[in-house]
Amino acid sequence: MCNSLTVLGTCGAWPEAGRAASGFLLEAYGFRLVLDLGYATLPRLLARCAASKVDAVVITHEHPDHCADLSALCRALLYGGGRRDRVPLYCPTGVLGRVQAMEPTEDLHEVFESRPLPGLYQVGPFHLNGRLLPHHVPHAGVRLTGPNLSVAYSGDAGPDHVLGDLATGTDLLVAGATLQGAAVDPHLLSATQAGQWAARAGVARLVLTHFWPGADRRQSVAEAGVAYTGEILTANEGMTLAI
């Protein structure tokens with residue numbers, strides 16, 4: 001099986017028409033790991049694999065554009081058949097409570113085995129390193145390292161030296177690029193900053209995601225390319241990258 005990353009959603013805050021909020025599916029060594037499940041990501045995940053085939057889920061933080069469809073995955077696992085043991089769920093404090101608030105009858109703990117981030121874990125074939133990054137709520141950026149494969153994901157966090165640590169030498173950095181132009185926010189990453197951190201970390205490829213609805217994504221690529229001279233890709237729903 002080819003190691004790959006499939007884009008489930010790319011929008012920050014809320015999804016544009018025809019798109020979804022943040023979400024990715026990493027498939028490697030026969031293992032399927034989901035990174036974030038924002039609005040409208042579950043149908044795209046199910047187009048790739050059955051809910052029962054998901055081996056682990058990582059949620060970076062409790063904002064619904066990153067976790068709302070965890071509720072839908074819970075229902076798919078409860079009622080869709082083929083369910084095995086509880087699915088390991090790695091997330092900061094607050095995620096389960098936020099999603100459980102949408103579920104007055106279904107118990108997420110029946111479906112997911114929660115493990116806190118930040119932290120270090122062995123997740124199937126991956127070593128997971130989750131570390132706190134600046135955001136409006138507790139937020140964990142992650143690095144996933146497997147045999148001959150490494151991926152870093154910034155989620156929706158602001159700039160910080162920890163992002164450089166997580167991304168150093170990775171095959172792929174998936175970085176939020178919410179802001180454009182001269183806009184600066186300690187809780188969010190701009191396209192320019194994404195390029196700067198990718199250059200400092202020496203990543204092989206940079207994927208920009210978490211675009212503000214309506215933003216010109218070509219502008220984000222141009223701004224990231226000022227500092228980073230490697231390959232820059234724009235995440236698009238349904239896109240699958242070989243790693």
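This is a predicted model: local features need pLDDT of at least 70, side-chain atom pairs count only at pLDDT 80 or more; totals for chains, interfaces and linings use all residues.
1. Contact here means heavy atoms within 4.5 Å. Leaving out neighbours within four places in sequence, D171 is in contact with N148, L149, S150, A204, R205 and I243. That residue sits in the loop between α6 (161-167) and β11 (172-176); helices (H or I, at least four residues) and strands (E, at least two) are DSSP runs, numbered from the N terminus. D171 is partly exposed at 29% relative accessible area, where buried means under 20%, exposed over 50%, and partly exposed in between (1.4 Å probe, protein chains only). A polar atom of the D171 side chain lies 2.8 Å from the backbone nitrogen of S150.

2. Residues are numbered from 1 along each chain as its sequence is written, and side-chain values use heavy atoms, with hydrogens and water left out.

3. Now for H135, in the loop between β8 (126-132) and β9 (140-146). H135 is buried, with a relative accessible area of 10%. Its side chain reaches the backbone oxygen of H187 at 2.9 Å, a polar contact (a pair of N or O atoms within 3.5 Å; within protein, one must be able to donate a hydrogen and the other to accept it, and residues adjacent in sequence count only if both atoms are side-chain atoms). Not counting residues up to four places away in sequence, H135 also touches H61, H63, D156, A157 and L188, among others.

4. Have a look at the salt bridges, of which the structure holds twelve. The term covers a side-chain nitrogen of Lys or Arg within 4 Å of a carboxyl oxygen of Asp or Glu. R19 pairs with E16 at 3.4 Å, N to O, and R19 also pairs with E237, where the closest N and O atoms are 2.6 Å apart. The second pair links distant parts of the chain, since E237 is in the loop between β13 (231-234) and β14 (240-242) and R19 in the loop between β1 and β2, 218 residues apart. R19 is partly exposed at 24% relative accessibility and E16 is partly exposed at 22%, whereas E237 counts as buried at 17%. Another bridge joins E113 and R115 at 3.0 Å, N to O. Bridges that share partners tie E16, R19 and E237 into one network.

5. How many disulfides are there? The count is zero, a disulfide being a pair of cysteine sulfur atoms within 2.5 Å. The sulfur of C11 is too far for a bond, because the closest cysteine sulfur, in C67, is 16 Å away. C67 is in no disulfide either, with the sulfur of C91 nearest at 8.9 Å. Both cysteines are buried: C11 at 0% relative accessibility and C67 at 2%.

6. After α3 comes G81, whose phi is positive, near 85 degrees. In helix α7 (residues 191-201), the buried residues are A191, Q193, A194, G195, W197, A198 and A201. Their cover includes α6, β11, β12 (205-209) and α8 (217-224). G202 follows α7, with a positive phi near 65 degrees.

7. Some backbone details to check by eye. L117 and P118 are joined by a cis peptide bond, with omega about 5 degrees, and P118 is in the loop between β6 (112-116) and β7 (119-123). A13, a residue other than glycine, has a positive phi near 75 degrees; A13 lies in the loop between β1 and β2 and is partly exposed at 29%. Y29 likewise has a positive phi, near 55 degrees, in the loop between β2 and β3 (31-37).

8. Last, the surface. W14, Y39 and W212 make a nonpolar patch of about 330 Å². Patches are made of residues with over 30% relative accessible area and no salt bridge: like charges are joined within 9 Å, nonpolar side chains (Val, Leu, Ile, Met, Phe, Trp, Tyr) within 5 Å. Areas come from the Shrake-Rupley method with a 1.4 Å probe; for residues, only the protein chains shown count as cover. W14 is in the loop between β1 (4-9) and β2 (23-28) and is partly exposed, at 44%.
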